[in-house]
Amino acid sequence: MGGRAGLADDTQSERLLGAEVAARVARQAGHLGSLQYLSLTSCSGLSSLPEWMGGLGSLQALYLRFCSGLSSLPESLGRLGSLQTLNMRGCSGLSSLPESVGGLGSLQDLILDRWGGLGDGGGTDSTVESRLQTRDCTV
């Protein structure tokens with residue numbers, strides 16, 4: 001993708017970085033079917049993710065690091081069948097994961113340090129945690 005000008009130019013290698021593209025992502029959702037990497041790092045104003053995110057079937061890595069305002073995740077995240085990495089480090093507003101995350105068959109890395117739920121003594125979702133550990137996922 002030559003810079004960030006055209007989101008749909010080269011969908012094989014699209015990379016969206018930073019808070020400044022969050023609004024563009026929403027406008028271009030229909031053109032992101034081949035998106036493999038999405039980083040919305042430090043989007044403190046982001047309170048939730050839209051349901052359409054579950055339709056990004058080619059997404060392999062989702063970085064939501066330090067999105068301190070993020071308080072909920074949609075159940076549709078469980079439809080991200082290609083997702084290998086989900087990084088929510090520093091998402092202090094999150095206290096639980098949708099149950100559907102436990103069914104992500106390709107997930108290899110789930111990074112949750114410095115947030116209000118799993119691993120920090122917060123609201124542990126034992127169903128999701130046990131599903132992921134059974135599959136030798138890094139939690």
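Predicted model: local features only at pLDDT ≥ 70, side-chain atom pairs only at ≥ 80, totals over all residues.

Author: A residue counts as buried when its relative accessible area is under 20%, as exposed when that area is over 50%, and as partly exposed in between. At 46% relative accessibility, Ser42 therefore belongs to the partly exposed class.

Ser42 sits in the loop that runs between β2 (37-39) and β3. Its backbone deserves attention: phi is positive, at about 65°, although Ser42 is not a glycine. Most residues other than glycine have a negative phi. Phe66 presents a second case, with a phi near 55°, again a positive value in a residue other than glycine. Phe66 is placed in the loop between β3 and β4. The relative accessible area of Phe66 is 35%, so this residue is partly exposed.

The loop that holds Phe66 also holds Ser72, and the strands on either side of it are β3 (61-63) and β4 (85-87). Ser72 has a relative accessible area of 35% and is therefore partly exposed. When its neighbours within four places in sequence are left aside, Ser72 is in contact with Ser47, Ser48, Leu49 and Leu94. A further relation concerns Pro98: Ser72 and Pro98 are separated by 26 residues in sequence, while their C-alpha atoms are 8.4 Å apart in space.

The structure holds 1 aromatic pair. Such a pair is described by the distance of the ring centres and the angle of the planes. For Tyr37 and Tyr63, the centres lie 5.3 Å apart and the planes stand at 40°. Planes under 30 degrees apart would count as stacked and those over 60 as edge-to-face, so the pair of Tyr37 and Tyr63 is classed as tilted.

The chain has 139 residues, of which 40% count as buried. Among contacts with a separation of 6 or more, 46% are made by residues 24 or more positions apart. The accessible surface of the chain comes to about 6,400 Å², and carbon and sulfur atoms account for 44% of it.

The average pLDDT is 73, and 60% of the residues score at least 70. Strand β3 has the highest confidence, at 95, whereas strand β1 (residues 15-16) has the lowest, at a mean of 44. Over residues 1-20 the pLDDT is below 50, and this stretch has 43 contacts in the model beyond near neighbours in sequence. Residues 119-124 likewise have a pLDDT below 50, with 11 contacts in the model beyond near neighbours in sequence.

Methods:
Residues numbered from 1 in each chain as written. Heavy atoms only, no water. Helix = DSSP H or I, 4+ residues; strand = E, 2+ residues; numbered from the N terminus. Buried < 20%, exposed > 50% of the residue type's maximum accessible area, 1.4 Å probe, protein only. Contact = heavy atoms within 4.5 Å. pLDDT = per-residue confidence, 0-100. Phe/Tyr/Trp six-rings, centres within 6.5 Å; stacked < 30°, edge-to-face > 60°. Areas by Shrake-Rupley, 256 points an atom, 1.4 Å probe, with all protein chains shown as cover.
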